[in-house]
Amino acid sequence: MSPGLSAAEARRLGLRAQGFGRTRPVAPGRADVLGIVRRLGVLQMDSVNVLARSHYLPVFSRLGPYPREALEDLAWGPRKGLFEYWMHEASLAPLAVQPLLRWRMEDAEAGVGVWRGVASFLQSHRAFIDQVLDEIARRGPLSASELGLGAKGAGGWWGWSEGKRALECLFWTGRLTTAARRGTFERIYGLPDQVHPPHRLRAQTPDRGEAQRELLRIAARAQGVATEADLRDYFRLPAAEARLRVAELVEAGDLTPVRVEGWRAQAYLSPDAGLPRRIEAEALLSPFDNLIWFRDRAERLFDVRIRLEIYTPAHRRVHGYYVLPFLEGEALTARVDLKADRHGRRLLVQAAHAEPAAGAGTPEALAQALGRMAGWLGLEAVEVAPRGDLAGRLAGEVARLG
């Protein structure tokens, strides 16, 4: 491959690396879901449930309608293939990644950098921490409410009780892990040997440098071509260490420096990257999808400025509350603000906006994608509100398709 890439080539490399443009299975199941998570390396989690919790959506975007129970079984069932930890924010990843994060767990235990408050709490509450661990060892995995230890929260740390703080601190250090999720997404905490397969716990712990290099290899495979900032952000690695590890990977031949048209920073090509002649894709993207979660990279790839407006006051929002960009072919052509009306069994399109790359066929393609999503979510109809410059044409296509 040439030492220089056009913007279009970089975009196709990124889309292919993310699993787009491939033939979707007719009836995707557990193995297909696990394959997508392995390809992506990590799924960001989010508790917002106005449409569907975010970690379900990237799999749908790549596989189409799949049984959400397959992901739940992999993450929280008895035959786990995934685990939870702080990776790209709170995330799910294949169990094989767990040893690569043990250096971060050690940092949390030692109070390095951002983990100072965690270590301080653990050290100042040692007897209480021992009591929490003993309780879970005796009774098995527990939620914070079931633990029933410690004073109630009264502000600070999101108003958590002492028991919840202890559980979260122990989770961040790896001394506890997520055994299950229950009800309103409540985390159930267990000891690693109560949750993970024994062979995973016995897996050798790589040294810090090798673990970080492997995380960067995963990030490079999942992005195709990426800047140092793109690679670092994928697993939120410390900047100075990421810079050193990228240089080591270049020296070892595991990354190839390339220039990309329009990119200011040096880019690096994964040895696993493949450049297709074109990408045919139609997908609604979670605002936390791996393809667009790093906003600077998304803007470089698609020439579209994406901002999360969930925390923006309603009167200042431009596109809406829970906005999903629409990937059509190799471009982002629209954005829709979606909400699942579960009681009324409707998928509500609260706003629809076109992007400059939208074409004459965008309303029909988007209407079809919304119909697929509605069916996947168990909803019976799509309803388009008259907000946004694409709303009228989209509503017409939704009505035509029935």
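Since the model is predicted, local features need pLDDT of at least 70 and side-chain atom pairs count only at pLDDT 80 or more, while totals for chains, interfaces and linings use all residues.

The pLDDT is the predictor's confidence in each residue, from 0 to 100. Its mean over the chain is 94, and 97% of the residues reach 70 or more. Over residues 153-159, however, the pLDDT is below 50, and this stretch has 10 contacts in the model beyond near neighbours in sequence; contact means heavy atoms within 4.5 Å. Where pLDDT is low, the predicted coordinates should not be read in detail.

The opening pair belongs to an open sheet of 5 strands, ordered β10-β11-β12-β13-β14 and with mixed pairing. Strands here are DSSP runs of E with at least two residues, helices are runs of H or I with at least four residues, and both are numbered from the N terminus. Two strands are said to pair if DSSP finds at least two bridges between them. At the edges of the sheet are β10 (282-284) and β14, each pairing on one side only. On average, neighbouring strands are turned by 30° against each other, direction ignored; axes are lines fitted to C-alpha atoms, for helices over the stretch in contact, and angles run from 0 to 180 degrees between N-to-C directions.

Within this sheet, strand β11 (residues 323-328) runs antiparallel to β12 and is joined to β12 by 6 bridges, with Val-323 opposite Asp-337. Strand β12 (residues 331-341) in turn pairs with β13 (residues 346-354) in the antiparallel sense over 8 bridges. The hairpin of β12 and β13 has 4 residues between the strands, and Arg-345 takes a positive phi near 55° there. On the other pairing of β13, strand β14 (residues 381-384) is parallel to β13 over 4 bridges, and Val-349 has Val-384 as its bridge partner. Together, β13, α16 and β14 make a right-handed β-α-β unit: with the strands pointing away from the viewer, the path from the first strand over the helix to the second runs clockwise. Helix α17 (residues 391-401) lies across β12, β13 and β14, at about 155° to β14.

What does Leu-394 contact beyond its neighbours within four places in sequence? The list consists of Val-336, Val-349, Ala-352, Pro-363, Leu-366, Ala-367, Leu-370 and Val-384. Leu-394 is also one of the residues that touch the most other members of the largest nonpolar core, which has 104 residues; Leu-51, Val-97, Val-336, Leu-370 and Met-373 are named alongside Leu-394. Such a core is a set of buried Ala, Val, Leu, Ile, Met, Phe, Trp, Tyr and Cys residues joined through side-chain atoms within 4.5 Å, where buried means under 20% relative accessible area, computed with a 1.4 Å probe on protein chains only.

Strands β8 (residues 256-260) and β9 (residues 267-269) run antiparallel, joined by 3 bridges, and Thr-256 stands opposite Leu-269.

Two hairpins complete the account. Strands β3 and β4 pair in the antiparallel sense over 6 bridges, with 1 residue between them, and 5 of the 6 residues of β3 are buried. Strands β5 and β6 are also antiparallel, over 5 bridges; Thr-178 has Tyr-189 of β6 as its bridge partner. This hairpin has 3 residues between the strands, and Gly-183 takes a positive phi near 55°. In helix α4 (residues 68-76), Ala-70, Leu-71, Leu-74, Ala-75 and Trp-76 are buried, and their cover includes α2, β2, β3, β4 and β5.

Conventions:
Residues are numbered from 1 along each chain as its sequence is written. Side-chain values use heavy atoms; hydrogens and water are left out. Buried means under 20% relative accessible area, exposed over 50%, partly exposed in between (1.4 Å probe, protein chains only).
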